[in-house]
Amino acid sequence: MRVEIWSDIACPWCYVGKARFEKVLAAFPHRDAVEVVHRSFELDPGRAKGDTGQVLPMLMNKYGMTEEQAREGERRLGENAAAEGLDYRIEGRDHGSTFDMHRVLHLAKERGRQDELIGLLYRANFAEERSVFADDERLVELAAEAGLDEAEVRAVLADPGRYADDVRADEREAAELGANGVPFFVLDRRYGVSGAQPAEVFTQALEQAWGGRSPLTTLADAGDGEACGPDGCAVPGA
């Protein structure tokens, strides 16, 4: 069985949702027969490379939040991350284009190191001080840490066309499947789960996808599970 996960490195709910899903998958009796593939989805696909900014001011400007409200939203996200055993910096993070990250993730997929790289990218973006957006060197270092050849990664970054079509194809397919936010999980092209759902939803989806066959059915839409879309990320309630 194949599970495809559309996500973006800039999406905090993708970071949390990946951890929730992986805990459920680890306990799934047929775990060894499940293939996980990560698909590209940019929350800000038109963003220029090098256009970076701080997260808190972005939240304040985009949603009309006060600084206190923006910090509180980040604090709640941090609590959700901590509940999954994840580190989360609630201050000092930046944001920017993730297009090159997705291109390198397609290289990593070809080399069998995709899951390793996406995990490192999430950790670097949400838990570490050094920016993953400021320059290419951080991305090269993380890709090498994931087991990719450094020279090959640099060659991809030097050629904006490499894997660009693959990224866009993933994004078109997400739209065709009805995904307007991430994370979005598609199980064996039978069931879709939108958002960082609770464990019981992922368990139900795995069991149903394993045991039955039907056209793609969305078990939970973006309104039920926390997700990030073009308009931003849901903030957990108090």
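By class, the lining of the second largest cavity in this predicted model comprises four nonpolar, three polar and one charged residues, where Ala, Val, Leu, Ile, Met, Phe, Trp, Tyr, Cys and Pro count as nonpolar, Asp, Glu, Lys and Arg as charged, and the others, Gly among them, as polar. Ile5, Ser7, Cys14, Gly17, Lys18, His38, Tyr122 and Phe185 form that lining, to which strand E1 (2-7) and helix H1 (12-27) each give two or more residues, with H1 providing the largest share, three. Helices (H or I, at least four residues) and strands (E, at least two) are DSSP runs, numbered from the N terminus. The volume of this cavity is about 40 Å³, a volume being the space filled by probe spheres set on grid points that are joined across faces, edges and corners.

On a 1 Å grid over the protein atoms alone, a cavity is a set of points where a 1.4 Å probe fits but cannot get out, whereas a pocket is an open set with protein on both sides within 12 Å along at least five of seven lines, and lining residues have an atom within 4 Å of a point. Residues are numbered from 1 along each chain as its sequence is written, and side-chain values use heavy atoms, with hydrogens and water left out. In this predicted model local features need pLDDT of at least 70 and side-chain atom pairs count only at pLDDT 80 or more, while totals for chains, interfaces and linings use all residues.

The largest cavity holds about 50 Å³ of space, and its lining, which includes His38, His102 and Asp170, divides into two nonpolar, five polar and two charged residues.

Among the open sites, the largest pocket has a volume of about 490 Å³, and of its 30 lining residues Ala10, Leu43, Met58, His95 and Cys233 are the closest to its centre.

In helix H7 (150-158), Val153, Val156 and Leu157 are buried, that is, under 20% relative accessible area with a 1.4 Å probe and protein chains only, exposed meaning over 50% and partly exposed in between. Seen down the axis of H7, these buried residues fall within an arc of 95 degrees, so they line one face of the helix, the arc being that of the directions from the helix axis to the C-beta atoms. The buried residues of H7 pack against H4 and H6, contact meaning heavy atoms within 4.5 Å, while the face turned away from the buried side carries the exposed Ala151 and Ala158.
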